[in-house]
Amino acid sequence: MFKRVFAGACAAMLFATGASAMPDGSYSGEGDGFRLSAEVRGNRIEVEVSTVGCLGGGEGQLRQVGNRVWQAYLSEYGDICVIQINDMGNSYYMQEVQGCFAYHGAQCGFTGSLSK
């Protein structure tokens, strides 16, 4: 019994120390002809996209789903928008996964590169 509890505690500590939050701060960049921005604070994220004829955004929860990979879950408008963010070393790449149309419309999207 002790061995199982101890092994479980060690695994939990290893997982907790292996996970790292996306650094807090302001990020900005370009998509396909539009401007992207994100504000990260702990496990919260706010994203925005803008260009002529398009303005969108939302706020939601940020979760680490892999090594240097996070997903943002926006749920303000009833539909859940999922955005994946990959740490590329010197920048981040943000890409829509599902359900984001209600957050920005047809003229732009949440896909592109971001830098701090």
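## Basis of the values

The model is predicted: local features need pLDDT of at least 70, side-chain atom pairs count only at pLDDT 80 or more, and totals for chains, interfaces and linings use all residues. Residues are numbered from 1 along each chain as its sequence is written, and side-chain values use heavy atoms, with hydrogens and water left out.

## Overall composition

The chain contains two helices and eight strands. Helices (H or I, at least four residues) and strands (E, at least two) are DSSP runs, numbered from the N terminus. Their order along the sequence is α-β-β-β-β-β-β-β-α-β.

Of the 116 residues in the chain, 33% are buried. Buried means under 20% relative accessible area, exposed over 50%, and partly exposed in between (1.4 Å probe, protein chains only). The accessible surface of the chain is about 7,000 Å², and carbon and sulfur atoms account for 54% of that surface. Accessible areas come from the Shrake-Rupley method with a 1.4 Å probe; for residues, only the protein chains shown count as cover. Among contacts (heavy atoms within 4.5 Å) between residues at least 6 apart in sequence, 32% join residues at least 24 apart.

## The barrel

The eight strands form a closed barrel in the order β1-β2-β3-β4-β5-β6-β7-β8, with antiparallel pairing. Neighbouring strands of this sheet are turned by 30° against each other on average, direction ignored. Axes are lines fitted to C-alpha atoms, for helices over the stretch in contact, and angles run from 0 to 180 degrees between N-to-C directions. Two strands count as paired if DSSP finds at least two bridges between them.

Strand β6 (residues 81-87) pairs with strand β7 (residues 92-98) in the antiparallel sense over six bridges. Asparagine 86 has tyrosine 93 in β7 as its bridge partner. β7 also pairs with β8, again antiparallel, over three bridges, and the partner of tyrosine 92 in β8 is leucine 114. Strand β1 (residues 25-30) is joined to β8 by three bridges in the antiparallel sense, with glutamate 30 opposite serine 113 in β8.

## Disulfides

There are two disulfides in the structure, a disulfide being a pair of cysteine sulfur atoms within 2.5 Å. With the bonded cysteines numbered in sequence order, the pairing is 1-4, 2-3.

The link is right-handed, with 85° about the S-S bond, and both cysteine 81 and cysteine 100 are buried.

## Glutamine 107

Glutamine 107 lies in the loop between α2 (101-104) and β8 (112-115). The residue counts as exposed because its relative accessibility is 59%.

Glycine 56 is 51 residues from glutamine 107 in sequence, with a C-alpha to C-alpha distance of 9.9 Å.
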